[in-house]
Amino acid sequence: MAMWPLWSLLLWEALLPITVTGAQVLSKVGDSVLLVAVRPPGFRVREAIWRSLWPSEELLATFFRGSLETLYHSRFLGRAQLHSNLSLELGPLESADSGNFSVLMVDTRGQTWTQTLQLKVYNAVPRPVVQVFIAVGGDAQPRKTCQAFLSCWAPNISEITYSWRRETTVDFGMEPHSLFTDGQVLSVSLGPGDRGVAYSCIVSNPVSWDSATVTPWESCHHDAAPGKASYKDVLLVAVPVSLLLILVALFSAWHWGPCSGKKKKNIHADRVGPETENPLVQDLP
């Protein structure tokens, strides 16, 4: 492609009045996105040029004399396709592809039209991790109730929102439930009637979402199940027994160490005695 049409098109943009429109396009990593070129009615395009404006200014695609061209050395080389309607398709997208783009079009009468678009590329939301923490019951807590805190977390994701849904009821805005830290922690008060109640944590960003579900009652009384000891009971038994065994081992090492030394000395003396007496016996007439 000759360089003169390109420079002339940029000169048109600099000297002639243009109409600028703006829009925001959202997509996610791995997908393809279509940047649609919108032109006013009756605008017959003679030349067009697509550029990346930010974070770096790069030439992406051009249309001259009915010829489409995308083989320009930019970060989208091999990932850009210019359609016959002058819309630009980019993909597969990467997280660093977010930025501002523009298309400049010139019609057969020499009038120009510039459209700017902002592309935001998000990572797909992974499946969140939900943990259940049980509050220690006090005197003020009613019997047969359980105070649980549900914690939800999604790794390595920014610009996400957290929400909770109780799976067995429609009315979620009830008093026993409260949210903390922008929705990541949910406090629930459970009773015997909530044995099968499940709670789902929903994590979302503008282009994707995922969820995880737990049944907190199972954690509430898992430790108190018949025939099973809680981790607190195990610690109360295991820690004293371990300390006792360590003390016994230390005492044995201290007590038997000197005794074994004395025994070795006695044995050595017994062996040396006969050896010194035998020569005297042999010298007798």
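Predicted model: local features only at pLDDT ≥ 70, side-chain atom pairs only at ≥ 80, totals over all residues.
Visitor: Let's begin with the sulfurs. What is a disulfide?

Guide: A disulfide is a covalent bond between the sulfur atoms of two cysteines. Searching the whole structure here turns up two disulfides.

Visitor: Which cysteine is joined to cysteine 146?

Guide: Cysteine 146 is bonded to cysteine 220, with an S to S distance of 2.0 Å. This pair links distant parts of the chain, 74 residues apart: cysteine 146 sits in strand β11 and cysteine 220 in helix α2.

Visitor: Is that disulfide left-handed or right-handed, and why?

Guide: The torsion about its S-S bond is about -85°, so the disulfide of cysteine 146 and cysteine 220 is left-handed. Both of these cysteines are buried.

Visitor: And where in the chain are cysteine 152 and cysteine 201?

Guide: Cysteine 152 is in strand β11 and cysteine 201 in strand β15, 49 residues apart. Their sulfur atoms lie 1.9 Å from each other in a disulfide. With -85° about the S-S bond, this link is left-handed, and both cysteine 152 and cysteine 201 are buried. Numbered in sequence order, the bonded cysteines pair as 1-4, 2-3.

Visitor: Now for the leucine. Does leucine 86 count as buried or exposed, and why?

Guide: Buried, because its relative accessibility is 4%, where the cut-off for buried is under 20%. Leucine 86 belongs to the loop between β6 and β7.

Visitor: Which residues does leucine 86 touch, leaving aside those up to four places away in sequence?

Guide: Its contacts are Ala37, Arg39, Val45, Ala48, Trp50, Phe63, Leu68 and Met105. For alanine 37, 49 residues away along the chain, the C-alpha separation from leucine 86 is 6.0 Å.

Terms used:
Residues numbered from 1 in each chain as written. Heavy atoms only, no water. Helix = DSSP H or I, 4+ residues; strand = E, 2+ residues; numbered from the N terminus. Buried < 20%, exposed > 50% of the residue type's maximum accessible area, 1.4 Å probe, protein only. Contact = heavy atoms within 4.5 Å. Disulfide = S-S within 2.5 Å.
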